[in-house]
Amino acid sequence: MFKKKSFDFQQILPLFKLILKYDKSLLFFMFVDAIFSALSPFPMIIFPKFIIDGFMNRKSYRHVLYLSVAMILISMFISIIEMILSRHLGFLKQRMEFTINAEIGKKCMEIDYFVWNNPETQDMADHAARVSNSNNLVSLLENVKGLFSNIIIFVGVIAIVITTNAILLWVSLLVLVVHSVISSRNRKSQRQYMEDAQPYLRRIDYMSYISWDTEQRKDIVAYSAADFFRAKIDAFCQSILTYFKSQQKRELKGSLLILVANNLFTFLAYTILGYQIVVLGTITVGSFSMYLNALNTFNSASKGIATSIIDIASQSKYLSKFVEFMDLKSTFRTGTKVLSEVVEAAPEISFENVSFKYPGQETYALKNININDYIQCSANFLSAFYGTQ
């Protein structure tokens, strides 16, 4: 359905253009919220070093108390600002999603029958609607904000940790690579499952609709087709469940590998930092606490970056489909006169070698229709032509 390609920041440019077109304030609040979200872990990384070292060096209790109060107040201030921004940003995201959904509906009503009845157009509309369905747009905006926030955290933590031991950074990056590869495979597997399952789900919905429809149920009972329909639905469900079960096994293996990598990282972090504090004596107990918290934050931010990139790469494909659908041109002729101004008398119609086939079909429903006698149209007169579809 989609071509697989690596993440490129060009993929999210349509999102920024979309925001600038419909709601510029959303972009501003997204970046401000990303900055405050990035600042939130640092008070709990930096201040404990000085508090613990203050206790270990037997500094005055007042000095340690001031540091503790400063840590709590700064952390609370950042958290409160972030909560206020997130709440307002949530409203702006929801409003943006409603706006996009309304634009898609408006575009569907503007497209003429011939273009709309093309299966490719309907597939395009379905993919475009996924931008706003099931909070996909909100999720995409969250991932973009999370990406920039985690990049800021990533850079800040590197500036702290690089002064003590670069080996730990390489270990963290190795864990990040393992996590990214496994997460990417799991996400691709999930997307593939949804794409492969969609035809079966559509058939199940159709068969279920027929089973519930009053008129259709009469025919099902009359022709004793209930067992046939039940067998078909069971077969479709079994096909989906078989694929789903194999996907769950793959995800379980990946989760176990991530668990092993995370615990290995924790063990190495304690071992290396403990060696520096106990054997070498190059860092203090407070520094040990700061570096350990920084490494955990680094690990979390790295995984957040990887996850956001994977999700954005997936969700932005639907965004490009939305842009393509909104740029679709209708074949309607445009004009300024209304019909009542153009037609004074009852209109008359004739057909000469008229053919018609439905979009996506090879067989003509009507072919070489010739009606030389004029058909007069009036408010109380109805003419219809029909053929095979």
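Lys49 is buried, as is Asp53, where buried means under 20% relative accessible area, exposed over 50% and partly exposed in between (1.4 Å probe, protein chains only). The model is predicted, so that local features need pLDDT of at least 70 and side-chain atom pairs count only at pLDDT 80 or more, while totals for chains, interfaces and linings use all residues. Residues are numbered from 1 along each chain as its sequence is written, and side-chain values use heavy atoms, with hydrogens and water left out.

**Exercise 1.** Find how the side chains of Lys49 and Asp53 meet, and state where the two residues lie.

*Solution.* Step one is the contact itself: the two side chains form a salt bridge with an N to O distance of 3.3 Å, the term standing for a side-chain nitrogen of Lys or Arg within 4 Å of a carboxyl oxygen of Asp or Glu. Step two is the position: both Lys49 and Asp53 belong to helix H3 (residues 42–56), four residues apart, which is about one turn of the helix. Helices (H or I, at least four residues) and strands (E, at least two) are DSSP runs, numbered from the N terminus. As a general rule, an α-helix has 3.6 residues a turn, so residues three or four places apart point the same way.

**Exercise 2.** Which residues are linked with Glu142 in a network of salt bridges?

*Solution.* Begin with Lys93, whose side chain meets that of Glu142 in a salt bridge of 2.1 Å, N to O. This pair links distant parts of the chain, with Lys93 in helix H4 (residues 61–110) and Glu142 in helix H7 (residues 136–161), 49 residues apart. Next take Lys145, which meets Glu142 at 4.0 Å, N to O; these two are three residues apart in helix H7, so about one helical turn separates them. Then compare the accessible areas: Lys93 is buried at 2%, Lys145 is buried at 9%, and Glu142 is partly exposed at 36%. Finally, the network is made up of Asp33, Lys93, Glu142 and Lys145, in a structure that holds five salt bridges.

**Exercise 3.** Where is the kink in H3 centred, and which helices do the buried residues of H3 pack against?

*Solution.* First consider the length: H3 has 15 residues and spans 22 Å from its first C-alpha to its last, close to the expected 21 Å, a value found as 1.5 Å times one less than the number of residues. The kink, of about 25 degrees, is centred on Pro48; the bend at a residue is the angle between axes fitted to the seven residues ending there and the seven starting there. The buried residues of H3, including Phe42, Ile45, Phe47 and Ile51, pack against helix H2 (24–39), H4, H7 and H11.

**Exercise 4.** What does Leu26 touch, not counting residues up to four places away in sequence?

*Solution.* Taking contact as heavy atoms within 4.5 Å, Leu26 touches Ile19, Leu89, Leu92, Lys93, Met96 and Leu141.

**Exercise 5.** In which strand is the place of Asn353, and is the residue buried or exposed?

*Solution.* Asn353 is found in strand S1 (residues 348–356), and at 54% relative accessibility it counts as exposed. Although it is not a glycine, Asn353 has a positive phi of about 55 degrees. Most residues other than glycine have a negative phi.
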